[in-house]
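Subject: Handing over the structure, with notes

Dear colleague,

I am passing this structure on to you, and I would be grateful if you could read the notes below with the model open beside them.

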Amino acid sequence: MDSRRLLRTSATALAAAGLILSGCTGGSDAAASRSTPAGPTAAGPAATPVAAALKKYYGQKLTWRDCGVTDFQCATLLAPLDYAKPEAGDVKLAVSRVRATGPGKRLGSLLVNPGGPGGSAVGYLQGYAGIGYPAPVRARYDMVAVDPRGVARSEPVDCLTGPQMDAYTQVDQTPDDAAEVNALSAAFKEFAAGCEKKSGAILPHVSTVETARDMDVLRAVLGDEKLTYVGASYGTFLGATYAELFPARVGRLVLDGAMDPSLSAVDLNRDQTAGFETAFRAFAADCVRKPDCPLGTGSVAAAGQALKTFFRDVDAEPVPTGESRELGESLATTGVIAAMYDEGAWPQLREALTRAIGGDGSNLLALADSYYEREADGTYANLMFANAAVNCLDLPPAYAAPADAGKAVPSFEKASPVFGAGLAWAALNCTYWPTPPTGRPHRITADGAAPILVVGTTRDPATPYQWARSLADQLSSGTLLTYEGDGHTAYGRGSDCIDTAINTYLLEGTPPQDGKRCS
């Protein structure tokens, strides 16, 4: 399997996960390197007037520059660190674009976000969306991305060194006694303390609401009266939040692999656990039909039991990987979960499990490393740091104390006999967060917004299908499009039916009939 594709799918889909869970080059258009003016008014004719203290942000001009990736350009957007106190200082946000290729009349800017939270939108644009989105869409839109505050190139949250992160990812996440519970709690405390020590200034200001407000500044600076946007996974929550804040400025919004903003942290984690079980059962049903399936050739239930036995075995006695890190239960579980995001990874997972059961954990470790965005030199991208920082601001913690996690284990194991215990304990991560949450679970209706297209995949592991149905029902103008299939998100994954419906909406403004189903 293409390792870049695995990285794209896993790194953009963390959603509610806890413990587990570049430059650019300008084109030949001389005008493209000049500053981009704002539109007729800073916020657009349909918008609420901009507060006086924010006018300097809405009225700024972007200076596009060449910065190392063919056909792409980069710029820096300024936004207030604290929208309630704009005088307190700025954050610098990394923006990238690739110009519309033509032919046809340019429709404006199409902003993309791959999810996470913590996924680099600039990396996603340059590595996939700006070259891999359907050609008719790229012909008519300037493709644009901004790394959210605290992410990647935009004043990234930092928490742990590479060696510290290595240790963190190996902590036993299915504690069997009080000592192991204390060790897991200590790991979460150390993680949180590291974030506060290294990134204390920005840590209270990386919420989804603040990032949505940054998106509106960028919309205005790009000269667009309304926002056109494709968000995947967590990017759907970001898009829905934008619609809630600025319903009159909603243009064409695609929310693919939708999250449900009305759910609490523990419910989100439990639902996501059930989603991974659904995905595993699909993998197992495919695997047991093959003579070389490492989980046997019996029933799906027997395959699940075989995987649980493997996890218990490596918990008791980790297997070598050819490097200093051994493959224990935590990394093994992460490796399996990483492959659940894309059915194209199933052959890779079969081989990795075969090798690991045989005593070589290197392939399964590589899958886990792709999930955590660990480089070969032992450094980590800031994906997991930003993921925790945003999630822990957006919702109150799932648990008040470790005892609450222990009590939740049976319900998580009911949701997933294979992954339940580990994911129940993973939801403990925000319990020790140094910055109090600023968000709460609530329904988003976005009254007055133009039609919003919500896309759900029936066997999506990370954003279960019922979340898409719920969000489409909540949004006053929501339209549900369903992909009957496997994997995380639907756009650009091989369904002509899905791609045609989304392309038509983006290019013509006409959403598909509500409830349309594709395979």
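Predicted model: local features only at pLDDT ≥ 70, side-chain atom pairs only at ≥ 80, totals over all residues.

Residues are numbered from 1 along each chain as its sequence is written, and side-chain values use heavy atoms, with hydrogens and water left out.

The sheet

Helices (H or I, at least four residues) and strands (E, at least two) are DSSP runs, numbered from the N terminus, and two strands are said to pair if DSSP finds at least two bridges between them. The model has an open sheet of 10 strands with mixed pairing, in the order 1-2-3-5-4-6-7-8-9-10. Strand 1 and strand 10 (516-518) stand at the edges, and because each has a single partner strand, one side of each is left without a neighbour in the sheet.

Within this order, strand 6 (residues 227-232) runs parallel to strand 7 (residues 250-256) and is joined to it by 5 bridges, with Gly231 opposite Leu255 and Val230 opposite Val254. Strand 6 also pairs in the parallel sense with strand 4, over 3 bridges, and here Tyr229 is the bridge partner of Leu111. Further along, 4 bridges join strand 7 to strand 8, again parallel, and Leu255 stands opposite Val454 of strand 8. Strand 8 in turn pairs with strand 9 in the parallel sense over 7 bridges, where Gly456 has Thr482 as its bridge partner.

How enclosed is strand 6 by the rest of the structure? Taking buried to mean under 20% relative accessible area, exposed over 50%, and partly exposed in between (1.4 Å probe, protein chains only), 6 of the 6 residues of strand 6 are buried, so this strand is largely enclosed. Both of its faces are covered, with Leu227, Tyr229 and Gly231 buried on one side and Thr228, Val230 and Ala232 buried on the other. In a regular strand the side chains alternate between the two faces of the sheet. Strand 8 is likewise largely enclosed by the rest of the structure, because 6 of its 8 residues are buried.

Helices

Axes are lines fitted to C-alpha atoms, for helices over the stretch in contact, and angles run from 0 to 180 degrees between N-to-C directions; contact means heavy atoms within 4.5 Å. Helix 7 (residues 208-221) lies across strand 2 (72-80), strand 3 (90-98), strand 4 (108-113), strand 5 (141-146) and strand 6, and runs at about 125° to strand 2. Helix 18 (residues 496-508) lies across several strands, including strand 8 (452-459), strand 9 (478-486) and strand 10, and runs at about 165° to strand 7.

Helix 9 packs against helix 15 (residues 402-415) at an angle of about 35°, with the axes 8 Å apart. The residues that make this contact include Val266, Arg270 and Glu277 of helix 9 and Ser411, Phe412 and Ala415 of helix 15.

Nonpolar cores

A nonpolar core is a set of buried Ala, Val, Leu, Ile, Met, Phe, Trp, Tyr and Cys residues joined through side-chain atoms within 4.5 Å. The largest such core has 133 residues, and those with the most contacts inside it are Phe191, Phe310 and Leu364. Helix 9 (residues 265-287) gives the most to this core, with 10 residues. A second, separate core of 29 residues includes Val112, Met143, Val230 and Ala501.

Individual residues

Gln60 sits in the loop between helix 2 (55-58) and strand 1 (65-66), and is buried, with a relative accessible area of 12%. A polar atom of the Gln60 side chain lies 2.8 Å from the backbone oxygen of Tyr57. Not counting residues up to four places away in sequence, Gln60 touches Thr76, Leu77, Leu78, Val217 and Val221.

By contrast, Asp66, found in strand 1, is exposed, with a relative accessible area of 53%, and the C-alpha atoms of Asp66 and Leu349 are separated by 39 Å. Lys55, in helix 2, is exposed as well, with a relative accessible area of 51%.

With best wishes

Terms used
Polar contact = N/O pair within 3.5 Å; in protein donor to acceptor, adjacent residues only side chain to side chain.
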